[in-house]
Amino acid sequence: DRLPTILTKVIDTIHRNKNKFFEEYGEEGIQAEKQAISLLSKLRNELQTDKPVLALTDGLVDTEPWNQYLHRQQRLQGDQEPVSWFKSPWLYVECYMYRRIHEALLLNPPISDFDVFNEGKTQSFFESSQAVMALCTYLEGIKKNVEELSESQLFELFSKLVQVSLWGNKCDLSISAGQENSQKASPLDSLNSLQTFILVDDTKRVWSTLISAQKLGQSGKTTADRVDIVLDNAGFELVTDLVLADFLVSSGLARQIHFHGKTIPWFVSDVTAKDFQWTIRQTMASNHKWGSKCGVQWQGYLKDGLWRYHDHPFWTQPHEFCDMAPDAPDLYATLQGADLVLFKGDLNYRKLTGDRDWEHTVSFDTALRGFGPAPLCSLRTLKANVQVGLQPGQGEKLTSQDPSWMTNGKYAVIQFHNPKSE
Ligand SMILES: O=P(O)(O)OC[C@H]1O[C@](O)(CO)[C@@H](O)[C@@H]1O
Ligand SMILES: [Mn+2]
């Protein structure tokens, strides 16, 4: 139901920008707009009428892996019928739609770079600006005397900011088919009342991992070397991730943060390099004292290499993460360099667990099926039909109390796995 709505919005967005394309590129821009819309209308028709999934033709770096994946699906399904929209894994076709949207633009220079989801992402940032400023103010307050805090005080703050980043994941635009879904109030005030909605809370295990990774660094301080954050959505969620990352670095819990974003517009609201830079510039430019102070600080971390931004085409492919070691060995090796990897959001959870129909009591370790480049933790609000690592009876109880608990975004998990302790 959601995908055709998203496609219709994409078509409408391109159409609304017709004048802009004309101003920038003249008649060529208008032709490109028409062509892109025609490809996207064709795509919507294929999707709605269960047509075969087609090979990509745009010759990008990931075109070949996508087409190989289609062959893989065909082999799995048998040769009687072609792989088609209604008869293929949901994870695969959902990812495929976003890649086809990108193809429709890419095949139409001069508008290939146009991010059809940009308006929604920037709007969601502006709509949550009060909550953003409240967070920045809180963070700057902490940083004033962070040196004097005891380990247990640091843990309390860490746990709080992990939860802020967790609930930030409520604000994605894919689940709402692009409808406005921003954070209006300060999330800090609601953390206590949200606690009961966290179904698995492994924060203490994450903390122990961070603490035991502390080494004496060049600066003479003891810190963990590196925490990686596999980002999810732009807008408010990204700010919550930046605030957590700032806390980790400024409290000395980690020396470096590596962020991982998407190379193409993805699942409506996911972070691309442009969104990442834009968000930091926008925060810097805010006329709120603590907001702009945070923005300047974040820019400084990037300049000094304490924060790094990476992207890799694997994040915008349909693979489950247990395929990463064989199919994207360079990315796997990059993640192996981290002391801890935080995976944000629902789609990452689906890829971690292979989006399977697991029994809820199956362990997270089992569902990862060998994926474990480093100690890792999923921070995810539940929006899709997969959940592992629950206590016996917990899933049944939730189903009787709230039948849509797995998809309504009200519940969340902080779920940890340490490959080294296996
Ligand atoms: O931004 P998130 O947390 O990954 O959520 C995106 C989710 O929204 C959906 O599109 C809704 O089903 C899921 O497919 C996807 O997992
Ligand atoms: Mn997302």
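What follows is a chat about a predicted model.

Biologist: I'm new to this one, so where do I start with the metal; what coordinates the manganese ion (ligand 2)?

Modeller: Bear in mind that this is a predicted model. In it, the manganese ion (ligand 2) is coordinated by Asp232 through OD, by Asn233 through OD1 and by Asp270 through OD, at 2.1 to 2.3 Å. Along the chain, these donors follow the spacing D-N-x36-D.

Biologist: And Asp232, is that buried or exposed?

Modeller: Asp232 is buried, with a relative accessible area of 6%, and Asn233 also counts as buried, at 1% relative accessibility.

Biologist: Switching to the hydrophobic side, which residues touch the most other members of the largest nonpolar core?

Modeller: That core has 61 residues, and those touching the most other members are Phe247, Leu248, Ile257, Phe259, Trp298 and Trp307. Its largest share, 10 residues, comes from helix α11, which spans residues 236-250.

Biologist: What is Phe247 in contact with, leaving aside its neighbours within four places in sequence?

Modeller: With those neighbours left out, Phe247 is in contact with Leu139, Ile142, Leu154, Leu157, Phe158, Leu161 and Leu253. There is also a second, separate core of 39 residues, which includes Ile37, Ala104, Ile111 and Val116.

Biologist: How many aromatic pairs are there?

Modeller: The count comes to 30 aromatic pairs. One of them is formed by Trp66 and Tyr96, a tilted pair with 6.2 Å from centre to centre and 55° between the planes. Trp66 lies in helix α4 (residues 63-77) and Tyr96 in helix α5 (residues 90-106), so this pair ties together parts that are 30 residues apart in sequence. Trp66 is buried, with a relative accessible area of 2%, and Tyr96 counts as buried at 1% relative accessibility.

Biologist: Which residues form an aromatic cluster?

Modeller: Phe259, Phe276, Trp298, Tyr301, Trp307 and Tyr309 form one aromatic cluster. Phe259, Trp298 and Trp307 are also among the residues that touch the most other members of the largest core.

Biologist: Now the strands; how many residues of β7 are buried?

Modeller: Strand β7 covers residues 376-381, and six of its six residues are buried. Leu376, Ser378 and Arg380 point one way from β7, while Cys377, Leu379 and Thr381 point the other way, and all are buried.

Biologist: And does β7 pair with β6 in the parallel or the antiparallel sense?

Modeller: Strand β6 (residues 340-344) and β7 pair in the parallel sense over four bridges, and the bridge partner of Val341 in β7 is Leu376. Strand β8 (residues 412-417), in contrast, runs antiparallel to β7, and six bridges join the two; there, the bridge partner of Leu379 is Ile414.

Biologist: Which residue other than glycine has a positive phi near 45°?

Modeller: Phe267 has that value, and Phe267 is found in the loop between β4 (254-261) and α12 (273-284). At 5% relative accessibility, Phe267 counts as buried. Arg369 has a positive phi of about 40° although it is not a glycine, and its place is in the loop between α17 (364-367) and β7. Arg369 counts as partly exposed, at 30% relative accessibility.

Key. Residues numbered from 1 in each chain as written. Chains lettered and ligands numbered in written order. Predicted model: local features only at pLDDT ≥ 70, side-chain atom pairs only at ≥ 80, totals over all residues. Heavy atoms only, no water. Phe/Tyr/Trp six-rings, centres within 6.5 Å; stacked < 30°, edge-to-face > 60°. Buried < 20%, exposed > 50% of the residue type's maximum accessible area, 1.4 Å probe, protein only. Core = buried A, V, L, I, M, F, W, Y, C linked by side-chain atoms within 4.5 Å. Contact = heavy atoms within 4.5 Å. Donors = N, O, S within 2.8 Å, 3.2 Å for Na, K, Ca; no water. Pairing = 2+ DSSP bridges.
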